[in-house]
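Biologist: Before we discuss this chain, could you put the sequence and the model on the table, so that we can go through them together?

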Amino acid sequence: MLKDVDIREPLFDFLEEKYGKIRIFEEKNIGKSRADAIMITDGNLFGIEIKSDADTYQRLERQVKDYDIFGDYNYVVVGSTHATHIREHVPDYWGIISVEEVENGVDFYMMREPKKNKQVSLRCQMSFLWRFELAHIQEKNNMYKYAYKSKVFVIDKIIDTVERELLKQQMTDELFERDYTTVADKINEYRKEHNQKPRRKKKYKKRRKVIV
């Protein structure tokens, strides 16, 4: 029986082959759920929910609602035991990938391509960015810094100022360039510039990055 851990790395290889330039962030909080993975491409975010043969649909209804807020496109990846019934549990604009165990590993089959999700919230997507990444976008667009305003206020100002498609591209550019080995220093540098107390340094989990 295939489990989540058996699926992830081969799945990311499969998606890399399909989309080319991608970056994967695993275990991201989205609303009241936790996404198995968020895939970054040029200008778009993809939500990826994995339902292995060992999983149930118990939380899927709630997860679908949260993925639809954050993902321009969404995929559910299912083990062979779920492949027959999965269409009954996700919207028709979700992509479906089935996975099965074969002699040399695992094999993936694209059961349905994803369609554009019309419910996505750019405001929620922008919340993935850290303050110094938002500041970089403000600088690119010659915006006032709003250094002492809340993150939500800054996001709303950026959305009101920058054309949507350009902003989507700039947002995904920032996510592609994020370096988890230097992020603590960048956060504290930003906080120092704005007279805020530095945060304690903590270890950030490295995220898979694929650029071709």
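Modeller: A definition comes first: on a 1 Å grid over the protein atoms alone, a cavity is a set of points where a 1.4 Å probe fits but cannot get out. Please also keep in mind that this is a predicted model.

Biologist: With that definition in hand, what is the volume of the largest cavity?

Modeller: Counting cavities of 30 Å³ or more gives one cavity. The volume of the largest cavity is about 40 Å³.

Biologist: Which elements give two or more residues to the lining of the largest cavity?

Modeller: The residues that line the largest cavity are Phe25, Lys28, Ile38, Ile40, Phe128, Leu175 and Arg178. Strand E1 covers 22-30 and strand E2 covers 33-41. The elements that contribute two or more residues to this lining are E1 and E2.

Biologist: Where in the chain does Glu27 lie, and what is its phi?

Modeller: Glu27 is partly exposed, because its relative accessible area is 25%, which falls between the limits of 20% for buried and 50% for exposed. Glu27 belongs to strand E1. Although Glu27 is a residue other than glycine, its phi is positive, near 55°.

Biologist: Which residues touch the most other members of the largest nonpolar core?

Modeller: Strands E1, E2 and E4 and helices H2, H3, H4, H5 and H6 each give two or more residues to this core. A second, separate core has 19 residues, including Leu15, Tyr73, Ile97 and Met110. In the largest core, which has 37 residues, those that touch the most other members are Ile86, Val90, Met126 and Ile158.

Biologist: Which residues is Ile158 in contact with, leaving aside its neighbours within four places in sequence?

Modeller: Ile158 is one of the residues that touch the most other members of the largest core. With neighbours within four places in sequence left aside, the contacts of Ile158 are Met126, Leu134, Ile137, Gln138, Met143 and Leu167.

Biologist: Why does Glu174 count as buried?

Modeller: Glu174 has its place in helix H6. Not counting residues up to four places away in sequence, Glu174 touches Leu129, Glu133, His136, Ile137 and Lys140. Glu174 counts as buried because its relative accessibility is 8%.

Biologist: What separates the C-alpha atoms of Lys140 and Gln170?

Modeller: Lys140 is found in helix H4 and counts as partly exposed because its relative accessibility is 38%. Leaving aside neighbours within four places in sequence, Lys140 is in contact with Gln170 and Glu174. Lys140 and Gln170 are 30 residues apart along the chain, and their C-alpha atoms are separated by 8.9 Å.

Biologist: Which residue with a positive phi follows H4?

Modeller: The buried residues of H4 are Arg131, Phe132, Glu133, Leu134, Ile137 and Gln138. The residue in question has its place in the loop between H4 and H5, and it counts as exposed because its relative accessibility is 74%. With a phi near 55°, the residue that follows H4 is Asn142.

Biologist: Finally, which residues lie nearest the centre of the second largest pocket?

Modeller: The volume of the second largest pocket is about 230 Å³. E2, strand E3 (44-51) and H2 are the elements that give two or more residues to its lining. Of the 15 residues that line this pocket, those nearest its centre are Asp36, Glu49, Lys51, Arg59 and Gln63.

Definitions and conventions. Residues numbered from 1 in each chain as written. Predicted model: local features only at pLDDT ≥ 70, side-chain atom pairs only at ≥ 80, totals over all residues. Heavy atoms only, no water. Core = buried A, V, L, I, M, F, W, Y, C linked by side-chain atoms within 4.5 Å. Buried < 20%, exposed > 50% of the residue type's maximum accessible area, 1.4 Å probe, protein only. Helix = DSSP H or I, 4+ residues; strand = E, 2+ residues; numbered from the N terminus. Contact = heavy atoms within 4.5 Å. 1 Å grid on protein atoms, 1.4 Å probe; cavity = no way out; pocket = protein on both sides within 12 Å on 5 of 7 lines; lining within 4 Å. Points joined across faces, edges and corners; volume = space filled by probe spheres on them.
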